[in-house]
Amino acid sequence: MIAAAALELRAGSRILLTADTVRVQPGDRIGLVGRNGAGKTTMLRALAGESLPYAGRMERSGDVGYLPQDPRTGDLDVTAGDRVLSARGLDRLLADMQKLQVEMSALADDEERARAVRRYGQLEERFAALGGYAAESEAARICSNLGLADRVLGQPLRTLSGGQRRRVELARILFSDAETLLLDEPTNHLDADSIAWLRDFLRAHRGGLVVISHDGDLLGRIVNKVWHLDATRSELDVYNLGWSDYLQQRETDERRRRRERANAERKIDSLRTQADKMRAKATKARAAHQMDRRAQRLAAGLEAVRQSDKVARVRFPTPAHCGRTPLTATGLSKSYGSLEVFTDVELAIDRGSRVVVLGLNGAGKTTLLRILGGLEAADTGSVEPGHGLRLGYYAQEHETLDTDRTVLENMRAAAPETTDGELRRILGAFLFSGEAADQPAGTLSGGEKTRLALAGLVCSAANVLLLDEPTNNLDPASREQVLGALATYSGAVVLVTHDEGAVRALTPEKVILLPDGVEDSWSEEFADLVALA
């Protein structure tokens, strides 16, 4: 269904994948894994035809449905329902049929009415061939299972939250009947029930499937093959195994590589010792030089192996001094047209307080954070900064990053008074070293954008952090770093998340329930709502 030969992928001058051959066949359910920044998203984009590989030949047969990490659509005035139906072209057919119905009722001339009836019959035949009203019902069922209510399907995309828009795109891909599905983090923004339904849907898919996910349970239940993109060797390791068997085999492979590394280190020591002895004799100088070069080549390979174990050293900033209540909001309300998102929300964020915002998808959690962060205006009410307020805002869709600027330029914008040397030091801690600092932000994967946005917070000296899904797109090691930083940060935090681990790390004191805006003291009774929110 997809075949690539001599495939080579690069990000700038950095090699992500050396010439390799990959194939997606009917019945393959492939988990594409690897550390953040290894090139998983770049590879999926190349397989989907969204970007060109650096080198290689690509062949596709049948329709391909591709869900990117950050889906963007051109026309935000299209309704969510029409966006889903457009996967099979049903939206235009329905619109044309409705237009003809109006025209036919207004036509007085019999001949013109007869022509309109024939055109309507042709449209109706095409509509039936694509599944007709049964397909419309199927689309509604998929949307419902992904947590998209009927009222949401009638709304323009611009009125939806980021999580709702992403679920609309996922519903569109699943409804498309594409033979090959390429899904990048499909469980982002889904509640527990929707994830369970998606697992069953993907397990029943008879075509090809390649999925990037950090959800081990999802991978364990659906994949029958694993592609591991090794960032150190720039190679793709193919395992024709299920997830649990892959994990065991991967551990065996890693133990073998550690043994090989230990043997190589012993060989390096031996070569260098012999070279030192031989250097004393002029006749053996050339042989000593050759031994040194062999040792250097072996050592260079070992260094690359060590780098593979690195993870971002995440820490949140030391908060600047502020007053007792650095942020207050009163009477906030927000509507999009006739749709009321929330009304009369009030909150006071005290110094060092820890608050979780809960609510179903579409209840306005992201909108509230954007209003508090000054990125969006409320319809009514006000946000009042307290003495010494320094805000740090992490956006779930990375809107705070300028994708046309490089990694370093984004950091300069976040901290204009900080020297380039200090910015590069911070970037190095977040695994952006050397040429990676000069890479355009638009070429980064979702996980890399997350790390860059978090790196920007480090420079901010913020005493109030507004965090919107900060653990999305992160590999397990990076996620643990973020949770550790969250647990030790001494400033105030307002957190929106589906990640129960993030809430446990925060140890919240208060909860705000949307859309009603009710503020309550945190108790474990609310913990069950986190994954559902």
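The following exercises, each with a worked solution, concern a predicted model.

**Exercise 1. An aromatic cluster**

Task: Classify the ring pairs Tyr239 with Tyr246 and Trp243 with Tyr246, and decide whether each of the three residues is buried or exposed.

Solution: 
1. Begin with the whole structure, in which a search finds four aromatic pairs.
2. Consider Tyr239 and Tyr246. Their ring centres are 5.0 Å apart and their planes stand at 75 degrees. Planes over 60 degrees apart count as edge-to-face, and this pair is edge-to-face.
3. Consider Trp243 and Tyr246. The centres of these rings are 5.1 Å apart and the planes are at 35 degrees, so the pair is tilted.
4. Relate the second pair to the sequence. Trp243 and Tyr246 are separated by about one helical turn because they are three residues apart in helix H10, residues 243-279.
5. Tyr239, Trp243 and Tyr246 form one aromatic cluster.
6. Apply the cut-off for burial, which is under 20% relative accessible area. Tyr239 has 7% and is therefore buried. Tyr246, at 4%, is buried, and Trp243, at 16%, is buried too.

**Exercise 2. The surroundings of a histidine**

Task: State where His228 lies, whether His228 is buried or exposed, and which residues His228 touches.

Solution: 
1. His228 belongs to strand S8, residues 225-230.
2. The relative accessibility of His228 is 12%, so this residue counts as buried.
3. Leaving out residues up to four places away in sequence, His228 touches Val33, Gly34, Glu235, Leu236, Asp237, Tyr239, Tyr246 and Arg250.
4. Connect this with Exercise 2. Among the residues touched are Tyr239 and Tyr246, both members of the aromatic cluster.

**Exercise 3. Charges over rings**

Solution: 
1. For Arg88, the ring is that of Phe175, with the charged end 3.9 Å from the ring centre.
2. For Arg451, the ring is that of Phe432, and the distance to the ring centre is 5.0 Å.

Technical notes. Residues numbered from 1 in each chain as written. Predicted model: local features only at pLDDT ≥ 70, side-chain atom pairs only at ≥ 80, totals over all residues. Heavy atoms only, no water. Phe/Tyr/Trp six-rings, centres within 6.5 Å; stacked < 30°, edge-to-face > 60°. Buried < 20%, exposed > 50% of the residue type's maximum accessible area, 1.4 Å probe, protein only. Helix = DSSP H or I, 4+ residues; strand = E, 2+ residues; numbered from the N terminus. Lys NZ or Arg CZ within 6 Å of the ring centre and 35° of its normal. Contact = heavy atoms within 4.5 Å.
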